[in-house]
Amino acid sequence: MSQPSGGRAPGTRIYSWSCPTVMSPGEKLDPIPDSFILQPPVFHPVVPYVTTIFGGLHAGKMVVLQGVVPLDAHSRFQVDFQCGCSLCPRPDIAFHFNPCFHTTKPHVICNTLHGGRWQREARWPHLALRRGSSFLILFLFVNEEVKVSVNGQHFLHFRYRLPLSHVDTLGIFGDILVEAVGFLNINPFVEGSREYPAGHPFLLMSPRLEVPCSHALPQGLSPGQVIIVRGLVLQETKHFTVSLRDQAAHAPVTLRASFADRTLAWISRWGQKKLISAPFLFYPQRFFEVLLLFQEGGLKLALNGQGLGATSMNQQALEQLRELRISGSVQLYCVHS
């Protein structure tokens, strides 16, 4: 199945950096399993904002909301995970997340709207959001409930009252400035003690990371550490590489996407290539997420939230890595280690 074009709901307004995809005459995209498809992030949408959630919601999916509470916010904002986007009748809302600032004690209200009627609401005090401050909210959808973290700390969980499979629309309303909305699959390397392992901002202080990009690893890598690279493939595709280098600028291992033959491979320091068996995802205007997990004796790879095996490496060489370098025909949104 090809990447869906993803028509937006009526009334949606959005500012976006990306351009429409232009394919060569007669060129076809390789079929891609649904599990590998990631919806591109949205930057600086105008609120109220309503958009379709590609593929709907399912257990293991995450939605990241990055923004700022205006200094003059006097009321509230809400994030609604809806069953459709009709205006009349009003659609069911499976999960209504409503931070309130109009009282002396800011709090969050969560609820469900079914058949035009609100169900019993639940309240959580001690809201860790303040007027004039930035925030990162992560919604993690699991089998029976949604978990919500605020600025990296778990805040609440809410059990589903409507089937998660019915949710296909995200709505954001109220006193809020949204910087980015991201849609991700859960980190396949997650351990029981880490509930929100990949909820890093899409936008940092700078709206773009220049390519080629060099990211220091001053302490090297330690077992369990995850490197995250998120971005968009540009229209003029040439190459894409993620290299790990030591102090002598040697690259013991490089992950390389070859646009010419549509292959993904590990490249050793001596140029030896080991192909990775996976669908090729790096087409123009497609969003991607690369996760690299450092473990004793090698690196595990996940692409768009799907594990793709590992490559073995000398333990001493891994411990001496000091630089992550990214180059190629991509626009970077997030680099984290």
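**Figure 1. Strands β1 and β13 form an antiparallel pair joined by two bridges.** Two strands count as paired if DSSP finds at least two bridges between them. Strands are DSSP runs of E with at least two residues, numbered from the N terminus. In this pair, Phe-43 stands opposite Ala-180 of β13. The model is a predicted one, in which local features need pLDDT of at least 70 and side-chain atom pairs count only at pLDDT 80 or more, while totals for chains, interfaces and linings use all residues. Residues are numbered from 1 along each chain as its sequence is written, and side-chain values use heavy atoms, with hydrogens and water left out.

**Figure 2. Strand β13 (residues 177-185) also pairs with strand β3 (residues 61-68).** The β3 and β13 strands are antiparallel and share eight bridges. Gly-67 faces Val-178 of β13 across this pairing, standing opposite that residue. Seven of the nine residues of β13 are buried, so the strand is largely enclosed by the rest of the structure. Buried here means under 20% relative accessible area, exposed means over 50%, and partly exposed lies in between (1.4 Å probe, protein chains only).

**Figure 3. An open sheet of six strands runs in the order β1-β13-β3-β9-β10-β11.** The pairing in this sheet is antiparallel. Strands β1 (42-43) and β11 (153-159) are at the edges with a single partner strand each, so one side of each has no neighbour in the sheet. Further along the order, β9 (residues 134-141) and β10 (residues 145-150) run antiparallel and are joined by five bridges. Phe-141 has Val-146 in β10 as its bridge partner.

**Figure 4. The rings of Phe-81 and Phe-95 form a stacked pair.** A pair of aromatic rings is described by the distance of the centres and the angle of the planes. Rings of Phe, Tyr and Trp (its six-membered ring) pair if their centres lie within 6.5 Å; planes under 30 degrees apart count as stacked, over 60 as edge-to-face and the rest as tilted. The whole structure contains 17 aromatic pairs by this search. For Phe-81 and Phe-95 the centres are 6.0 Å apart and the planes lie at 15°, so the pair is stacked. This pair links distant parts of the chain, with Phe-81 in strand β4 (residues 77-83) and Phe-95 in strand β5 (residues 92-100), 14 residues apart. Phe-81 is buried at 0% relative accessible area, and Phe-95 is buried at 2%. Ring pairs join both residues to Phe-97, Phe-139, Phe-141 and Phe-158 in a cluster.

**Figure 5. The rings of Phe-240 and Phe-282 form a tilted pair.** Their centres are 5.3 Å apart and their planes lie at 40°, so the pair is classed as tilted. Phe-240 belongs to strand β16 (residues 239-246) and Phe-282 to the loop between β19 (273-275) and β20 (287-295), so far as sequence position goes 42 residues apart. Phe-240 is buried, with a relative accessible area of 1%, and Phe-282 is buried at 2%.

**Figure 6. A second open sheet, shown here, has six strands in the order β14-β23-β16-β17-β18-β19.** Its pairing is antiparallel. The edge strands are β14 (213-216) and β19, each with a single partner strand, so one side of each is left without a neighbour in the sheet. From one strand to the next the twist averages 20°, with axes taken as lines fitted to C-alpha atoms and angles running from 0 to 180 degrees between N-to-C directions. Six bridges connect β16 with strand β17 (residues 253-258), and the two run antiparallel. Phe-240 stands opposite Ala-257 in β17.

**Figure 7. Arg-230 and Glu-289 form a salt bridge.** A salt bridge is a side-chain nitrogen of Lys or Arg within 4 Å of a carboxyl oxygen of Asp or Glu; by this rule there are three. The closest N and O atoms of Arg-230 and Glu-289 are 2.8 Å apart. Arg-230 is in strand β15 (residues 226-233) and Glu-289 in strand β20, 59 residues apart. Both are buried, Arg-230 at 0% relative accessible area and Glu-289 at 1%.

**Figure 8. Two other salt bridges involve Arg-123 with Glu-121 and Glu-144 with Arg-159.** The closest N and O atoms of Arg-123 and Glu-121 are 2.8 Å apart. Arg-123 is exposed at 52% relative accessibility, whereas Glu-121 is partly exposed at 38%. Glu-144 and Arg-159 meet at 3.3 Å, N to O. Glu-144 lies in the loop between β9 and β10 and Arg-159 in strand β11, so this pair ties together parts 15 residues apart in sequence.

Conventions
Helix = DSSP H or I, 4+ residues; strand = E, 2+ residues; numbered from the N terminus.
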